[in-house]
Amino acid sequence: MTSVTSRLRPFGTTVFAEMTALAREHDAINLSQGFPDTDGPAALLDAAARALREHDNQYAPLPGLPALRAAIAQRWSEGGNRAADPDSEVTVTSGCTEAIAATLLGLLEPGDEVILFEPFYDSYRVCVALADATPRFVQIRRAGNDHTFDPEELADAITPKTRAILINTPHNPTGAVFGQTGLESIARLCIEHDLIAIADEVYEHLVLDEDRQHISVASLPGMADRTVTLSSLGKTFSVTGWKIGWAIAPPDLTTAVRAAHQFLTYAIATPLQHAAAFALSDPECLAWLDTLRTQLRTNRDTLCVALADLGFDPILPHAGYFIMADHARVSAPKKIDGDVAMARAMTTEARVAVIPPSAFCVDPGLCRSQVRFAFCKQPRVIDEAITRLHEWIGVPRPENYPQPPSVSRNLKPD
Ligand SMILES: Cc1ncc(COP(=O)(O)O)c(C=O)c1O
């Protein structure tokens, strides 16, 4: 017997908690959950320590500290969007996770439909259920060495009950960066059917290839007044534990987001908001982002090459923290069936924890032959994971995996 409400019962325990616990139990290298194993820029950490000592440590205002909202609005307009009014259009939340919940709970009526791209970040579906709304799914599929969706399938998923389309670009778990054409097709449908776009852009600053560019959904013509854009300090500055996120939306939509936010968390840690405001406008912190991207690019290239050597079939991600790799050629000889069994075997036998991406799908077939690797880890940790995988799979490991710049080009889309 369980006391868990019927709304939440179908979702069990989040796969991140499950895999991280299994990784600890087996002393596995944790390439499952997407958190860096080094902290963000020193100046940011110093700003937090200073704020803790020098500022008041009581409740912040409900929508967030004015200084942080102003800094968020400033970065937002510098990123190619219209100017946002910090007072009526920016809300600080407990990570992007709360921004997702507040947006869906604040905007959806029971029975409304929301379109999610599958595979999806797992909290979307749960929050849609908590709002008594109904998800409809459009698949993001492999296309050569990239991932894409079919705009016709998206159009077909819209019904008279559709209220919103939730877009995640850059995308977790595939690392796809939605291009101009795809986004324009989404925008056209939103305008034609009078839909809200909810844009989760937490990996906006982690685009790793020069030929890809993050485009904010709200920056497309006709979209600013119907888009709620969500993001997070955690991914940008490697402080995922701070849980500072935000929602930017026109005043009417912001009122709905805040209507839920006030009763979910009311306000977010005051000293960390001071530090976040500092980071978003400090040249040293912003320059640090280049270092982060360079490191992530190297890690990605190293791991992609090693995974290919090991018999996986990785698809080069263009942004974010994750590599999706087909595991069939590794799992078949070991008689392991499916991504869940593979992720468990890798964690308990190879002692390298990964995520089974079927946790992000409703169609069990969509990601069954793949596993997701997080590469936001120190190079020596990635290196040790590669060694363990070589031992487990029985493929001799090259002395080194040096990364000439051509590596990523070789793996780019055909
Ligand atoms: C796509 C996506 N959205 C939201 C989140 C949650 O962000 P936060 O840690 O700021 O709550 C994550 C975290 O992994 C994510 O990948």
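Helices here are DSSP runs of H or I, at least four residues long, numbered from the N terminus. Keep that in mind for the tour of this predicted model.

Start with helix H14, residues 338-350. Step just past the end of H14 and pick Arg 351: its phi is positive, about 60°. Now go back into the helix and select Asp 339, Met 342, Ala 343, Met 346, Thr 347 and Ala 350, the buried residues of H14. Turn the view until you look down the axis: these buried residues fall within an arc of 130°, so they line one face of the helix. The general rule behind this kind of pattern is that an α-helix has 3.6 residues a turn, so residues three or four places apart point the same way.

What sits over that face?

Next, zoom out and colour by domain: domain 1 is 9-40 + 286-410, and domain 2 is 44-282. Their centres, taken over C-alpha atoms, are 26 Å apart. Each domain puts 33 residues into the contact. On the domain 1 side, highlight helix H12 (283-310) and strand E12 (322-326), each of which supplies at least two residues. H12 gives the largest share, seven residues. By class, that side of domain 1 has 21 nonpolar, six polar and six charged residues.

Last stop, the ligand. Of the 14 residues around it, Gly 95, Cys 96, Thr 97, Asn 172 and Ser 232 come nearest. Helix H5 (95-107) provides the largest share of the shell, three residues. Colour the shell by class and you get three nonpolar, nine polar and two charged residues.

How values were computed: Residues numbered from 1 in each chain as written. Predicted model: local features only at pLDDT ≥ 70, side-chain atom pairs only at ≥ 80, totals over all residues. Near = placed C-beta within 6 Å. Nonpolar A, V, L, I, M, F, W, Y, C, P; charged D, E, K, R; others polar. Domains from an automatic or database assignment. Contact = placed C-beta atoms within 7 Å. Buried ≥ 20, exposed ≤ 12 C-beta atoms within 10 Å, placed from the backbone. Arc of directions from axis to C-beta.
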